[in-house]
Amino acid sequence: MIRPAVSLIALLLSVALFTACDHSVEGPSSETSLQSIIGGTTDSGHPAVGVVMTDASICTGTLISPRIVLTAAHCAAYGYTPKWFLLGPNVENPSTTLYVQKWIPHPQFGQQVVDGYQVQVHDIAVVVLTDAAPIAPIKHRTQSLVGKEGTPITFVGFGQSSIYNPNSSGTKMKVNSSIGDVNSQGFWNFTTPSNPKNTCQGDSGGPALMVVSGTEQVISVVSSGDAQ
């Protein structure tokens, strides 16, 4: 059976909701501190992708200007707001730790039924850093994805690399996929439960990257997915 995943256009670009495991709630957010990319590989690149950290959870975020990090709005659920942005391949030994000055979620963040799925809409936010990051930011896309069905994309995130090992989080991972069905809210991508290659809990706020004119651009952020 093919299982879909959807992304929701909001604020600057898309908010992506992906399926690969159960996105049940643990701690302050529905995807924080849980499973991460499934079926992927460790990522030694994408230096602008880092960890958005609260007192109780982690999400993934992407530097899109020297002091602006793009992530998911639900990463600050239950009153926990991001305090740090960590760069490097592993959260336990970050190469750079930056402090958060301000947290700005999309004002229309909430719940809505899209293509028969109850999903989080406008699940997108920006983190304003106190100081500029010593890393070049990644360009973000603001144009529609209509007509981009089938285009290869890459997801990057931190969190568990195994749904069976709660201690496997904290390492930057990546996995390849493609844009599926584009709709008024964004797009779906697809995977198979027998061989899942997708994002999952812990990758919230992480980027979907698409190559445009030879350069990767952020086209969406991970939000959530179905229950399997």
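I looked up the exposure of Lys83 and found 37% relative accessibility, so Lys83 counts as partly exposed (buried is under 20% relative accessible area, exposed over 50%, partly exposed in between, with a 1.4 Å probe and protein chains only). I note that the model is predicted, that local features need pLDDT of at least 70 and side-chain atom pairs pLDDT 80 or more, while totals for chains, interfaces and linings use all residues. Residues are numbered from 1 along each chain as its sequence is written, and side-chain values use heavy atoms, without hydrogens and water.

I then searched for salt bridges (a side-chain nitrogen of Lys or Arg within 4 Å of a carboxyl oxygen of Asp or Glu) and found 1 in the structure. Lys83 pairs with Asp55, and their closest N and O atoms are 2.6 Å apart. I located Asp55 in the loop between strand E4 (49-53) and strand E5 (58-65), and Lys83 in the loop between strand E6 (68-71) and strand E7 (84-87); this pair links distant parts of the chain, 28 residues apart. Strands here are DSSP runs of at least two residues, numbered from the N terminus.

I next checked for disulfides (a pair of cysteine sulfur atoms within 2.5 Å) and found 1. The bond joins Cys59 to Cys75, with S to S at 2.1 Å. Cys59 belongs to strand E5 and Cys75 to the loop between E6 and E7, so the pair ties together parts that are 16 residues apart in sequence. I recorded -100° about the S-S bond of Cys59 and Cys75, a left-handed link. Cys59 and Cys75 are both buried.

Notes. Helices (H or I, at least four residues) and strands (E, at least two) are DSSP runs, numbered from the N terminus.
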